[in-house]
Every structure is written in structure tokens, then in C-alpha cells.
Amino acid sequence: DRAETSLTKSTDRACSRVGIRDNNMTKWQWILLQFTRKLWFKASLIGSLGLAAALLASQADNFTQWQPPLDMNAEAVTSLLSIMASSMLAVTTFSLSVMTSAYGAATSNVTPRATRLLMEDGTTQGVLSVFVGSFIFSMVGMIVMQADAYDVQGRFVLFVVTVTVIAMVVTALLRWIDHLTRLGRVSETSNRVEQATENALQLRLKTPYLGGQPRHQAQDRPADAIIIRGDVTGYIQHIDMQALSECAEQCNTEIYLDVLPGNFVHEGAVLAWLDSKRDIDDPDAIAREISRAFSIEKERNFDQDPRFGLAVLSEIGVRALSPGVNDPGTAIDILTRNTRLLMRWSAGRKKVSEDDVQYPRLHVYPLQTSDLFDDAFRMIARDGAANLEVQLRLQKSLCVMTELGDDEFHDAARHQSVLAWQHAKHVMYLEDDLERLKSVCLADSDD
């Protein structure tokens, strides 16, 4: 019970970190979430607060007739605002150049797929938003001050707000200095990818079938089924399960999904199908409505796609093994991270109960454990085949995972062990290395 409670708390924390309560967000909620992750959104929000603070200070005498303890000189307040405006402009420009350099370093030394997480980093966005908001506040304050719109109360309120903003800027600068020491580093970027992958895994553990019914085997489509096809080429980023359920209820039918978030689809690819056209007056209209529930974009997304996170981690390990980088230690670190993630996947899997099914008319394929193992280990096993240290860590990790989980988990681990051994035995020339690797390998002698 305590283990289950701990897993539930871990899942809830993962959901809160990414702003997603579960995998059943509506399409508009998902679109709104993507907007809130943009730098311009937070900068505009805090900038608006700075603008409002500077303008409301000019109306201070309309709210109260109190006498301020200090009669602030207009020139003194204007001087403070001028210093802050020029400083924030320089700091913001410098910070943007540092961000650009960090993104370039991550693209060159880690993987381009990880730069999206750096761009959505909350600390970076928060600090830059404070800088931009402070600049807007000081500029508007100076403009209104030159218009002589502040009386005694207004100047005092503006002074108090200015001191508060300066304190915020100092705090943000301290956070920014500490953050710059890690931004764009291989280890820090790997941490971010691992955290995003763990969040996606925890969300999928909470709703293994996205809230629908398990669909374990392919079912033959009836001759009169309504087929839902994609109209663009790209990757499934989000599926609006609530909208699909409403369509199924409206048509009094079942919907069978042929795709999951992260799947690549092309124009005309089958996304889902309804089991019958009975009682449906306009099948084409229903098909168009259902197709709108699938958000298809040019790139994959970490939120509902844990396989993408594992694949990105593997890309980091593969790049570390390239001759230009030659860093097997990073590849070993990535193997450790992927092993840790898959062990959490194994520990958190559960049978779906009736309480877990929120949309009984929707039938969804499960996330295959073998696919997760492929994403986590196959690339490193291939590109690190000649490196004994990497192969030893890979085989030891897979050996540990055969002691966990169910038969499906065991079979996936053994399959990856056999593949890694087959890669290694064709490129390793020293018999001693092969014998040492064979001693920890799960493959049989005839493999």
C-alpha cells in the first residue's frame, strides 16, 4: 500500500510539473498549455503588470487622501527609473545572446531535439520576463512622470513600486547567475530530457489507455465501418479523448484508435474507425469532426509521448560515441538514465480496472514495452558495439531488468541483450573482450 501511495504521489507531482492533470486534456486546453510555455507569453504577462503598475500609480490620489511619509522628488524617481531602464535593456540583450549560445551548444553537443526543453525552461523564461517587465515599467513610469501625471501620493507609490521591482530584479539576477553555470551543459540537458520522459511515463501509467478501453489485438474492420483518415503528414502530438467520446456517444457507436501520440502519419493514413454506419445521418461530417480531435504537427512532443524522450536520450548517447566527441562516459550515463526510467515503468504498470476507464466507447492500443526497449537501447547497442565499457554497462543493465516486471518485460530485455551481443561480436576483435562480454550477456551460445 505504501508503495502504491508513493507511486500515486510521484505521478501527481509529474502531472503538476508539466501542467497536465492527466492524458485527457481537451484540444483547447492542450493548445492553451502550449501558449503558456512560450517566452513571449510570460514576458507579455509580466510586462502588462509593469505597465499597469506604472499607470495605476498615477491614480493613487483617487483611491485615498492619505498623506505619504515622504514627499518624493520627481527628479529622484525619474533618475531611478532611467537607471533601471538602461540596465534592464543591457541585461536583457546579454541574456538573449547567452540563451542563443546555449541553444547552439545543445544542438551541437547534445541533440537538436533537446533544445525545445531549454526554450521552455521555466527559470530562463521567468528571469527574462522580470527583466522585460522591469524595462517596460521604468519606461512607462518615465513617460507618465514627464507628462506630470503624478502628484505627491502617486510619486510615493511609484517610488515604492520601483524599490519592489529593483528587489525582484536583484533576486532574478542571482537566480540567473546560478542558472547560467548549467544552461546548455550535456549533463543538465540530459537531466531535463530525463525529467520530461519521466513525466510522460508517469502520465501514461496513470492512464495507460488514455482513459479508454484496452485494445490488445487488431480487430477486423466491418465492411460498413467509417474510416477516419489524416489530412496532413506529421506526428500525432495530442488526442482529444473527450471529443472522441462525445462523438461516440452521439453516434451510439464504438471508436477504435489505430494511432497513439508520437506515431508518424501521412495524408490518408487511418487514424481511427467507427464500427458501423448505423444511425449516422452524415458519416462524412462525423469523420471530419473526429479527425479534428487529432493534433498533428511537424515534430514530436514530450508530453504524451514517452517513447520520444527515450529516443532523445539515446541520441545523446549516440552523439557522445561519435568519433568527433568520443565520450563513452556520457553514453554510459545515458544507459543508466534509460534503465532507471524503464525500471519505473515496470514498477508502475497495473491492470486496468473499471474505475480507470473514463471513455468506455473508445478502444486504444497499449504502449508496447518492446518499443520502449528499442528506443532506449538499440541505437547505443549499434553505435557502441566496439566499445567494451559501453557494452558491459548495457548488458549489466539488461540483466538487472530481467529480474523485474512481467514476462513481456523480461522478453524485451533479453531481446535487446541478444541484439547487442550480435552487434558486438562482429566488430570486437580481441577474444578476451568477447569472453568478458559474453560472461555478462543474456544471449545463449548459439545466439
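Buried means under 20% relative accessible area, exposed means over 50%, and partly exposed lies in between (1.4 Å probe, protein chains only). The legends below use these words. This is a predicted model, in which local features need pLDDT of at least 70 and side-chain atom pairs count only at pLDDT 80 or more, while totals for chains, interfaces and linings use all residues. Residues are numbered from 1 along each chain as its sequence is written, and side-chain values use heavy atoms, with hydrogens and water left out.

**Figure 1. Overview of the protein chain.** The secondary structure comes to 17 helices and eight strands. Helices (H or I, at least four residues) and strands (E, at least two) are DSSP runs, numbered from the N terminus. Of the 447 residues, 48% count as buried. Contact means heavy atoms within 4.5 Å. Among contacts between residues at least 6 apart in sequence, 82% join residues at least 24 apart.

**Figure 2. Confidence along the protein chain.** pLDDT is the predictor's confidence in each residue, from 0 to 100. The chain averages a pLDDT of 83, and 88% of the residues score at least 70. Confidence is highest in strand β5 (residues 264-265), at a mean of 94. Helix α1 (residues 2-18) has the lowest confidence, with a mean of 46. Over residues 1-18, pLDDT stays under 50. For that stretch the model has 20 contacts beyond four places in sequence. Where pLDDT is low, the predicted coordinates should not be read in detail.

**Figure 3. Helix α5 against helix α8.** Helix α5 (residues 74-109) packs with helix α8 (residues 152-180) at an angle of about 25 degrees, their axes 11 Å apart. That makes the two helices roughly parallel. Axes are lines fitted to C-alpha atoms, for helices over the stretch in contact, and angles run from 0 to 180 degrees between N-to-C directions. Angles under 35 degrees count as roughly parallel, over 145 as roughly antiparallel, 65 to 115 as roughly perpendicular and the rest as oblique. The crossing of α5 and α8 is left-handed. A crossing is left-handed if the near helix is turned anticlockwise from the far one by less than a right angle, and right-handed if clockwise. Residues of α5 in the contact include Leu80, Met84, Met88, Val91 and Phe94. Among those of α8 are Leu158, Phe159, Val165, Leu173 and Trp176. By class, the contact has 18 nonpolar, two polar and one charged residues. Ala, Val, Leu, Ile, Met, Phe, Trp, Tyr, Cys and Pro count as nonpolar, Asp, Glu, Lys and Arg as charged, and the others, Gly among them, as polar.

**Figure 4. Thr92 in helix α5.** Thr92 has its place in helix α5. With a relative accessible area of 12%, Thr92 is buried. Not counting residues up to four places away in sequence, Thr92 touches Phe131 and Val132.

**Figure 5. Helix α9 against helix α13.** The axes of α9 (residues 186-206) and α13 (residues 328-348) come within 10 Å and cross at roughly 15 degrees. The pair is therefore roughly parallel. Their crossing is right-handed. From α9, the contact includes Glu194, Glu198, Leu201 and Arg204. From α13, it includes Ile334, Arg337, Arg340 and Trp345. The contact residues divide into six nonpolar, six polar and six charged.

Figure 6. Asn191 lies in helix α9. Asn191 counts as partly exposed, at 36% relative accessibility. The C-alpha atoms of Asn191 and Ile334 are separated by 9.9 Å, with the two residues 143 apart along the chain. Ser346 is found in helix α13. At 13% relative accessibility, Ser346 counts as buried. Leaving aside neighbours within four places in sequence, Ser346 is in contact with Leu404, Gly405 and Phe409.

**Figure 7. Helix α14 against helix α15.** Helix α14 (residues 369-383) and helix α15 (residues 388-401) pack at about 155 degrees, with their axes 10 Å apart. That makes α14 roughly antiparallel to α15. The crossing is left-handed. Phe373, Phe377, Ile380 and Ala381 of α14 make the contact with Val390, Gln391, Leu394, Leu398 and Met401 of α15. These residues divide into eight nonpolar, one polar and no charged.

Figure 8. Asn252 has a positive phi of about 55 degrees although it is not a glycine. Its place is in the loop between α10 (241-251) and β4 (255-257). Asn252 is partly exposed, with a relative accessible area of 41%. Asn326, not a glycine either, has a positive phi of about 55 degrees. Asn326 is found in the loop between α12 (306-320) and α13. At 58% relative accessibility, Asn326 counts as exposed.
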